[in-house]
Structure formats: structure tokens, C-alpha cells
Amino acid sequence: MAEFIGRTTNIKNCRKGFYVKMRFVHRNGRNHEKNSNFFKRYFKWLVWITLSLYFFTSYMITSTNKPTTSLSKTTITSKSSRALYETNNAATFLQHPKPDISKELNGLKIYIYDLPSKYNTDWLSNKRCSNHLFASEVAIHRALMGSDVRTLNPTEADFFFVPVYVSCNFSTVNGFPALGHARPLLASAIQLISNEMQFWNRSQGSDHVFVASHDFGACFHAMEDVAIADGVPKFLKKSIILQTFGVKFRHPCQQVENVVIPPFISPESVRSTLQTMVVPEKSKRDIMVFFRGKMEVHPKNVSGRFYSKKVRTQIWQKFNRNRKFYLKRHRFRGYQSEIVRSKFCLCPLGWAPWSPRLVESIALGCVPVIIADGIRLPFQGAVNWPKISLTVAEKDVRHLGKILQRVADTNLSAIQRNLWDPSIRKALLFNNEIQQGDATWQILYSLTRKLHRSYNRLRLSGQ
């Protein structure tokens, strides 16, 4: 029987690698060439397999530890957007598979600037920032971060999204968002991205997208007279603004390329209300006309301005003792339970024409009564507004009782039937993860209509 002496005589480095020379000796001192060749071949294969497994496992461990949302070297470095995406992804990953929506949107690609956290996620320390009526700026950012339309390569982007949250600076006096910081914060962000990267300068921002989800949109002020006087900041006049403000007539605050978007209403709150309450049949809703909100007894408030152009004051003065009108001037956290019980929900203008009640009433099956002359409503291609809502001129508010009674006696059932189309509710709600047909998807679809502003598309079409 041959005896193996595991003695390594030398290790030689060669151009093709290295090999280990072994000596195999018979116990009587004679070399057995056949056994020697067999063990050499066996040992070489063993070494090759061992090294392959080592390098393969090392590669897999390294790949696993890399963040899936890491940006290219040209990205402005920040951990804020990655944290936002990872938090959002953890909350939605188990709900349903990530939908592939890029093919449905003409191959749309959007690059998201990874700005320092002071421009966005630092504001999320206040929980109201991601849940109040202006929170679409947060919701859109979250949804885009995990979307298939997002690209990490800015050279292939059609549009550039600049995630600056300007609506989360809540006043310590009245709790309302203060917008005094909005213009300097946006200007600072633009200076940063124009200094760090080439894409703003090459198009002067015409393919860059911002969100202005407050009263008068791109004018960044809550009072219309001041907003008009200030106008749209010069540095944004060539960009695309996603804003809740929109009117059908000429107005300084929409003299910029824009997409009208709905105010933010938490889809979780809507689902919770519908799940926890027994939603009455259309004919059994026990509140005829509902409104809860600010109604000035004296229309000229402390600022010296007429709130709601006196419309809400007229509603209160005319109908607060009418049994068919359920009018409340004070806040109530469970107000969605009142909407579910109502047939008609009043949506009068406030300082601006739009109102979050518009979305809430539709989502909860109450016919919205829009009282805001000239308002331009969001996503008119997806939402057939005349079939699901009523519009009453501001001058006709005193006739509300007769108008709504006439509708109730004639075609209310048809309007309610149209209202319960799930695609309509979906189009007005922002989800953490984009779903086909939801509010963020509608925004992206609107952007596909503006691809003529894309520097990248124009460059490719000219080749």
C-alpha cells in the first residue's frame, strides 16, 4: 500500500498562475508514477473549486451589502432621499409586487436630485408634514423614489425632479404653513444643482419639475393680492410646476408651465373610514347637505380681507338654521364619518379656489358641490367632473337649498352611481408606491404630454 507523505517541496509562481508540487513515495522508497499523476490531478481540481467558491461568495456578500438605491458619481451626495425610499419601501414591499409602469408612459425617465436633507427629509421630523393637505410634495417624492420611471443615470433622463419641501414650516402662532422661506430655499437648491451638475444650465430648467402644493401655487403666498404682486419667481419661470392652484382664466400664479394636481388626503384614512364604518346605501344617507370648516360670522376677518369672497359667511347666515343643512364651524377629528353619512358635500373656496373637501367627498361617496368660480380641476382626462359633481356659481349661493333639492328629486342616483367608480377615487389619491391610474401616475401621464420640453428627447430626435 502506497504511503502519502504530505510534504510540500516548493511553490512556484508561473505566468499561468501557481501550482503546488507534491512528492508521493512508496513505503519501500519507489515512486509510483500512476498514483502520482492521479493525486496531482485531484489536488488541482480541489484547489480550483475551493478558490472559485471563495471568490463567488465574496462577490455575493459585497453585492448584497451595496445599497440598491445608490446613485452615480455625478449625484449630489445625501442620505436623506435613500432613507426616505427605504422607509417607504419597507412599508409597501409586502403589500403587492412592484408594478412596471414605465412601458405605459412612453418610456418616461425621471432623475431625482439627491439633495441634502435640509431641503426635504429634515422637515419630516414633524409628522404633520407628510399628512396635511399640502403633503403631496412629500407623497410624490416618495412614490417616484421607488418607481420604474426613476433613473439613476441623469444623461438618460427626460425630466429632473427637484424635491424641496416648502409647506412644512408650520407657524407656532396658528399652526398654518408659513411660506416666507419658500423662495430662498428653492433658490438655494437651484444654485446647488446648477453648480454641481450641468443639467439645469443646459436647459435653463425647462425640463425640471417642482411641487407647489399650497394656496396659490408657484407664487408661494397664501394671500392672493400678495401672491399676484410677487408673481412666479424668475428662476422658476421656465420650469414645470405641479400645483394645486388652477383657474380657467389668466392669472399671474399660473403663468408657468404647470400641471394641476389634487390636494393630499391620506389614502389610509379613507380606507380606515370605509372599513370601520357601515357605509349607508345611497338613499339612506341621513345628512342632506354637509359642511364643516371655517365660516366667518363677519366676512372681513382680522387681516382686513374678505375670506372666501364672503361665500362661506353667506352659507352660514342663510342656512345654519335649515334642518337639511348640517353646518359646523369647529374642527372634529372624526369628520370623515360625517361625510360618509352625507348626500351633498359643500366645497366652497377658501383663500384659494381649491379645497381638500373635493377629494374627501369623492373618496367617501358624497357628491361634491363646487362653489369656486373659474376653478380648473385636476386630471380632467381621467375624471369626468360634470358627471360626478355639481357646480354652483358664487352669486347663486343663496339659492343652494332649491338647487340641491331639485337634484335630489331628479338625477342624484345617477351622479352617485358615477361617483362610486373606483377609478375616479384612485385618480385623486396619492399612494406610497405608484399604482396605475393613481394620482402620481396621472402626473406622470401629464408629463408624457410635455416631452417636447425634454432636452434629452430633443437631442435624440435631432440625431
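These questions and answers walk through the disulfides, one threonine and the salt bridges of a predicted model.

Me: How many disulfides does the model have?
Reply: A disulfide is a covalent bond between the sulfur atoms of two cysteines. Here a pair counts when its sulfur atoms are within 2.5 Å. By this rule, the count is three.

Me: Which cysteine forms a disulfide with C129?
Reply: The partner is in the loop between β4 (159-161) and α4 (182-196), while C129 is in the loop between β3 (110-112) and α3 (136-145). The two are 39 residues apart, so the cut-off that matters is the one on sulfur atoms, within 2.5 Å. The sulfur atoms are 1.9 Å apart, and the partner is C168.

Me: What is the handedness of the disulfide of C129 and C168?
Reply: Look at the torsion about the S-S bond. For C129 and C168 it is about 75°, so the disulfide is right-handed.

Me: Are C129 and C168 buried or exposed?
Reply: Buried means under 20% relative accessible area. C129 has a relative accessible area of 0%. C168 is at 4%. So C129 counts as buried, and C168 also counts as buried.

Me: Where do C219 and C253 lie, and how many residues apart are they?
Reply: The sulfur atoms of C219 and C253 are 2.2 Å apart, and the two form a disulfide. C219 lies in the loop between β5 (208-212) and α6 (224-230). C253 lies in the loop between β6 (240-243) and β7 (257-260). The pair therefore ties together parts of the sequence at a separation of 34 residues.

Me: Is the link of C219 and C253 left-handed or right-handed?
Reply: The angle about its S-S bond is -110°. Both ends are buried: C219 is at 0% relative accessibility, and C253 is at 0%. The link of C219 and C253 is left-handed.

Me: Which cysteine does a disulfide join to C345?
Reply: C345 sits in strand β10 (residues 342-348). Its partner is in the loop between α10 (357-363) and β11 (367-371), 21 residues apart from C345. The S to S distance is 2.2 Å, and the partner is C366.

Me: What is the torsion about the S-S bond of C345 and C366?
Reply: Both cysteines are buried. Their disulfide is right-handed, because the torsion is about 115°.

Me: Why is C347 too far from C345 for a bond?
Reply: C347 is buried, at 3% relative accessibility. The closest cysteine sulfur to its own is in C345. A disulfide needs sulfur atoms within 2.5 Å. The distance here is too far for a bond, because it is 6.7 Å.

Me: What is the pairing of the bonded cysteines in sequence order?
Reply: C129 pairs with C168, C219 with C253, and C345 with C366. Numbered along the chain, the pairing is 1-2, 3-4, 5-6.

Me: Which side chain makes a polar contact with the side chain of T151?
Reply: T151 is in the loop between α3 and β4, and is buried at 4% relative accessible area. T151 touches several residues, including I110, Y111 and E156. A polar atom of its side chain also lies 3.1 Å from the backbone nitrogen of N153. The side-chain contact, at 2.5 Å, is with E156.

Me: How many residues apart are E257 and R453, which form a salt bridge?
Reply: Side chains of opposite charge can pair when their charged atoms come close. The closest N and O atoms of E257 and R453 are 3.7 Å apart. E257 is in strand β7, and R453 is in the loop between α15 (439-448) and α16 (455-461).

Me: Which helix holds both R271 and E268?
Reply: Their side chains meet in a salt bridge at 3.5 Å, N to O. They are three residues apart, about one turn of the helix. That helix is α7 (residues 267-276).

Me: Is D286 buried or exposed?
Reply: The side chains of D286 and R341 meet in a salt bridge at 2.8 Å. R341 is partly exposed, at 29%. Exposed means over 50% relative accessible area. D286 is at 51%, so D286 counts as exposed.

Methods: Residues are numbered from 1 along each chain as its sequence is written. This is a predicted model: local features need pLDDT of at least 70, side-chain atom pairs count only at pLDDT 80 or more; totals for chains, interfaces and linings use all residues. Side-chain values use heavy atoms; hydrogens and water are left out. Helices (H or I, at least four residues) and strands (E, at least two) are DSSP runs, numbered from the N terminus. Buried means under 20% relative accessible area, exposed over 50%, partly exposed in between (1.4 Å probe, protein chains only). Contact means heavy atoms within 4.5 Å. A polar contact is a pair of N or O atoms within 3.5 Å; within protein, one must be able to donate a hydrogen and the other to accept it, and residues adjacent in sequence count only if both atoms are side-chain atoms. A salt bridge is a side-chain nitrogen of Lys or Arg within 4 Å of a carboxyl oxygen of Asp or Glu. Lists of a residue's contacts leave out its neighbours within four places in sequence.
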